[in-house]
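Work through these exercises with the model open beside you. Try each task before you read its solution.

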Amino acid sequence: MRLTRSLKIFFLIFLGFLGMTNAHADYTLNLTPGVTPISQDIYNLHMTIFWICVAIGVVVFSIMFYALIRHRKSLGVKPATFHGNTRIEIFWAVVPFLILVIMAVPATLVLMRMEDSSNADVNIKVTGYQWKWQYEYLDEGISFYSNLSTPLDQIKNKAPKDKWYLLQVDKPLVVPVHKKIRFLVTSNDVIHSWWVPALGIKRDAIPGFIHEAWARIETPGIYRGQCAELCGLNHGFMPIVVDARSEEDYAKWVQAQKSGAAEAQTQAVADNNKTWTQQELMQSGENLYNSQCAACHKPNGLGMPPAFPALVGSKIATGPVKNHIDIVLNGKPGTAMAAFGKQLNDADIAAIITYERNAWGNAEQNKYGKHAGGLVQPAEVAAARQTMSGETK
């Protein structure tokens, strides 16, 4: 009688738990299948191991609850006096071993498929920077940087945050569907991690090392990810956006990029040879500063000392132009100041430097410029590049 009552209580608790689980069924706590064979293999492996664990839990807890109820003191059951049973000890050593072997076989097969990046149709080198990504299409000669494009007003809570807050970029990674894409992941400065859940890819980007991954995307669409390694102050500001297109659309995009690169190169040459007015440099420089520099030195130039020193009244922004050009081109070893010489052209660097030397009251403190605060032309940056190149040789 007591056993029946106890079992009823147990089943009522169990049914209550099931009801609570159903009530929270909308919570998206599980993995998703993703859109690549590997991501689906990972999902299936996860669910297989999950149900094995559920089965083990049901068996273990059933035996435990049965023993607690059937052998409780209120029934007058006397505790056993024996201890040590060779057969039971062998059983609970061998069975878990066999379960682990069963679990290891599908896991090993998935890992082997994940590491097989051979016979790729598209090869893309992914390089992490503080705090952006560079994508180089090794077979097509296409290269660009992908920066966070979330408006500064949203970050500073001056405007409502949209659906893709901190998950939108100016230039997404465009790839074709139904093609094997090989990713070569590395870093230019600190350790990053290139992570796109829908593709089933998470690879550490480590300076001096290249880690491989691959994907074959089955469904066109936009897939988002983030840097999954704590890579510094603005770690949360380097999202990943993958734009998977049909083979026809991808071919058109590649052609447009090649044509656009030639036009951009022609425009860059024209900009570098142009004599800019201070107003033009200041306007261009402010836009470039907000996209390239404000994350570290802040839009008001006050920075976040000591890691990111203030530019307001600094020795760099109010000192000799040569030193200012040098640190923007080459960065500063041992600090978070990155080298922008390979990322920006001469006109862009000239505009940024001119803006920094004239903004926030620096113009009044600057004694080294040809104009108030110092006006830097692209030709000066080009000359500095040539000088530094000659010194390197």
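The exercises below concern a predicted model.

**Exercise 1. In what order do the strands of the open sheet with β4 lie, and which strands are at the edges?**

Solution. 
- Step 1. Find the edges. β4 and β7 (201-205) are the edge strands, and each pairs on one side only.
- Step 2. From one strand to the next it averages 25°.

**Exercise 2. Find how β10 pairs with β4 and with β9.**

Solution. 
- Step 1. Start with β4. Strand β10 (residues 239-245) and β4 pair in the parallel sense, over 4 bridges.
- Step 2. Pick a position in β4. Valine 174 stands opposite aspartate 243 in β10.
- Step 3. Turn to strand β9 (residues 221-227). β9 and β10 run antiparallel and are joined by 6 bridges.
- Step 4. Pick a residue pair again. Glutamine 226 has proline 239, in β10, as its bridge partner.

**Exercise 3. Are the residues on the two faces of β4 buried or exposed?**

Solution. 
- Step 1. Locate the strand. β4 covers residues 173-176.
- Step 2. Sort the side chains. Leu173 and Val175 are on one side, Val174 and Pro176 on the other.
- Step 3. Check their cover. All four are buried, and both faces of β4 are covered.

**Exercise 4. Describe the open sheet that contains β3 and β8.**

Solution. 
- Step 1. Write the order. The 5 strands follow β3-β2-β1-β5-β8, with mixed pairing.
- Step 2. Name the edges. β3 (142-146) and β8 each have a single partner strand, so one side of each has no neighbour in the sheet.
- Step 3. Give the angle. Neighbouring strands are turned by 20° against each other on average, direction ignored.
- Step 4. Zoom in on one pair. Strand β2 (residues 132-137) and β3 run antiparallel, joined by 5 bridges. Tryptophan 133 stands opposite serine 146 in β3.

**Exercise 5. How many salt bridges does the structure hold? Examine some of them.**

Solution. 
- Step 1. Take the total. There are 8 salt bridges.
- Step 2. Side chains of opposite charge can pair when their charged atoms come close.
- Step 3. Take glutamate 247 and lysine 179. Their side chains meet in a salt bridge at 3.8 Å, N to O. The pair links distant parts of the chain, 68 residues apart. Glutamate 247 is in helix α5 (residues 247-273), and lysine 179 is in the loop between β4 and β5 (181-187). Glutamate 247 is partly exposed at 37% relative accessible area, and lysine 179 is partly exposed at 27%.
- Step 4. Take arginine 182 and glutamate 212. This salt bridge has an N to O distance of 3.1 Å. Arginine 182 is in strand β5 and glutamate 212 in strand β8 (residues 211-215), 30 residues apart. Arginine 182 is partly exposed at 22%, as is glutamate 212 at 34%.
- Step 5. Take lysine 274 and glutamate 280. The closest N and O atoms of this salt bridge are 3.4 Å apart. Lysine 274 has a relative accessible area of 34%, and glutamate 280 has 30%. Lysine 274 counts as partly exposed, and so does glutamate 280.

**Exercise 6. Where is isoleucine 52, and what separates its C-alpha atom from that of isoleucine 102?**

Solution. 
- Step 1. Find the helix. Isoleucine 52 is in helix α2 (residues 37-70).
- Step 2. Isoleucine 52 is partly exposed, at 22% relative accessible area.
- Step 3. Compare chain and space. Isoleucine 52 and isoleucine 102 are 50 residues apart along the chain, and 9.8 Å separates their C-alpha atoms.

Technical notes: Residues are numbered from 1 along each chain as its sequence is written. This is a predicted model: local features need pLDDT of at least 70, side-chain atom pairs count only at pLDDT 80 or more; totals for chains, interfaces and linings use all residues. Side-chain values use heavy atoms; hydrogens and water are left out. Buried means under 20% relative accessible area, exposed over 50%, partly exposed in between (1.4 Å probe, protein chains only). Two strands pair if DSSP finds at least two bridges between them. Axes are lines fitted to C-alpha atoms, for helices over the stretch in contact, and angles run from 0 to 180 degrees between N-to-C directions. A salt bridge is a side-chain nitrogen of Lys or Arg within 4 Å of a carboxyl oxygen of Asp or Glu.
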